[in-house]
Amino acid sequence: MEQYKKEFIEFMIDCQVLKFGDFVTKSGRKTPFFVNTGYYRTGSQLKKLGEYYAKAIHESFGSDFDVLFGPAYKGIPLSVTTAIALSDEFDTDVRYCSNRKEVKDHGDVGILLGGPINDGDRVMMIEDVTTSGKSINETMPIIQAQGNVTVTGLCVSVDRMERGTGEKSAIAELEEKFGIRIRAIVTMQEVIEHLYNKPYKGKIIIDDTIKAAIDEYYKQYGAK
C-alpha cells in the first residue's frame, strides 16, 4: 500500500472522520464503521485533505480534465481545496465548479457556482463517500445539461465496498450506468489492512471484536 494511503487513514482517525462502533447509514443499514467528512473543519485539515485527493486524482486520472466538480454541499469545499492542491502540487490549473440546491435568479444567476462548464469540457467529479450514488444520480444530469461535456471520472475519499441496489458494489453500478471510472483515495479493505490489530498512537483501532462486526456486515452488504 502506498505511503500516502496509510497517512490518509491515520489522518481520518486523527480528524475523527473515520469511526468504529454502532451507526446507521442514510440508506438505513446498521454499520460498524462510519465516515463523516463533516469533521474536516480547520484550514490545516482541509489543506491536507485537498492534497490527498489531488494525489489520488493525479495517480488515477492524470491531469487531462478542465473542471473539478463537487456536488453540493460537501463537494463544494472538496472541489475548492483539491483544485488548489492540484495547482500547487502538480501544476494542474483547473476550474472548480459546484451546483446550487436552488437556482439563483439574480446576480450570478443559474444552478452553478464557481467556474462555468462549457462545450467540450472534460469534467472530473469529486465526492466524499459514495454509498448509494444518490448525489451522482442527481448531479450528472445537471453537468450534462451544460453542453457537450465529457465526465472523465469520479474520485471519492473512501470506497465502502458494499452493495448498491443489486449484487454489485454501488461504485460498480455507477461505473456501468454512466460509463465512468471511479477511484477512491482508500478502500475499506486497505483501512482494515492498515489498522487491524496494529497499534496507532498506543491504541488498537480495529480489534478482534470490531473486525468480527465488520466481517458480519460484509456478509450481509458486501458486494459480490
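**A chat about cysteines, rings and helices**

Reply: Happy to. Let's start with cysteine 15, which counts as buried because its relative accessibility is 8%. Please keep in mind that this is a predicted model.

Me: Good to know. How many disulfides does the structure hold?

Reply: Zero disulfides are found here. Cysteine 15 is in none, and the nearest cysteine sulfur, that of cysteine 155, is 17 Å away. Cysteine 97 is in no disulfide either, with the sulfur of cysteine 155 again the nearest, at 17 Å. For background, a disulfide is a covalent bond between the sulfur atoms of two cysteines.

Me: Is cysteine 97 buried or exposed?

Reply: Cysteine 97 is buried, since its relative accessible area is 0%.

Me: Changing topic: how many aromatic pairs are there?

Reply: The structure holds nine aromatic pairs. In one of them, the rings of phenylalanine 33 and tyrosine 217 have centres 5.6 Å apart and planes at 80°, so this pair is edge-to-face.

Me: Where do those two sit in the chain?

Reply: Phenylalanine 33 belongs to strand S2 (residues 30–35), while tyrosine 217 belongs to helix H7 (residues 208–221). They are 184 residues apart, so the pair links distant parts of the chain. Both phenylalanine 33 and tyrosine 217 are buried.

Me: What other ring does tyrosine 217 pair with?

Reply: Tyrosine 217 also forms an aromatic pair with tyrosine 221. That pair is tilted, with 5.0 Å from centre to centre and 50° between the planes. Because tyrosine 217 and tyrosine 221 are four residues apart in helix H7, about one helical turn separates them.

Me: How buried are tyrosine 217 and tyrosine 221?

Reply: Tyrosine 217 has a relative accessibility of 4%, so it counts as buried. Tyrosine 221 is buried as well, with a relative accessible area of 15%.

Me: Which rings are linked into a cluster?

Reply: Phe8, Phe11, Tyr40 and Tyr52 are linked into a cluster by ring pairs.

Me: And which lysines sit over a ring?

Reply: Lysine 19 has its charged end over the ring of tyrosine 39, 4.5 Å from the ring's centre. Lysine 211 lies over the face of tyrosine 196, and here the distance to the ring centre is 5.3 Å.

Me: While we're on lysines, where is lysine 5?

Reply: Lysine 5 is in helix H1 (residues 3–14). With a relative accessibility of 8%, lysine 5 counts as buried. Leaving out residues up to four places away in sequence, lysine 5 touches Ala184, Ile185, Val186 and Glu190.

Me: Let's do helices. Which residues of helix H5 are buried?

Reply: Helix H5 runs over residues 170–178, and its buried residues are Ala170, Ile171, Glu173 and Leu174. They lie on the same side of H5 because they cover an arc of only 160° around the axis.

Me: What do they pack against?

Reply: The buried residues of H5 pack against helix H4 (134–144), strand S7 (150–159) and strand S8 (181–187). Just after H5 comes glycine 179, with a positive phi of about 65°.

Me: How far does helix H3 reach?

Reply: Helix H3 (residues 75–90) has 16 residues and spans 21 Å from its first C-alpha to its last, close to the 22 Å expected at 1.5 Å a residue. Its buried residues include Gly75, Leu78, Thr81 and Leu86. Just after H3, aspartate 91 has a positive phi of about 55°.

Me: Which peptide bond is cis here?

Reply: The bond from alanine 72 to tyrosine 73 is cis, with omega near 0°. Tyrosine 73 is in the loop between strand S3 (67–70) and H3.

Me: Last one: what can you tell me about glutamine 16 and lysine 201?

Reply: Glutamine 16 is not a glycine, yet it has a positive phi of about 60°. It sits in the loop between H1 and strand S1 (18–24), and it is partly exposed, with a relative accessible area of 45%. Lysine 201 has a positive phi too, near 55°. Lysine 201 is in the loop between strand S9 (199–200) and strand S10 (203–204), and at 66% relative accessibility it counts as exposed.

Terms used: Residues numbered from 1 in each chain as written. Predicted model: local features only at pLDDT ≥ 70, side-chain atom pairs only at ≥ 80, totals over all residues. Heavy atoms only, no water. Buried < 20%, exposed > 50% of the residue type's maximum accessible area, 1.4 Å probe, protein only. Arc of directions from axis to C-beta. Contact = heavy atoms within 4.5 Å. Expected span 1.5 Å × (residues − 1). Phe/Tyr/Trp six-rings, centres within 6.5 Å; stacked < 30°, edge-to-face > 60°. Lys NZ or Arg CZ within 6 Å of the ring centre and 35° of its normal. Disulfide = S-S within 2.5 Å.
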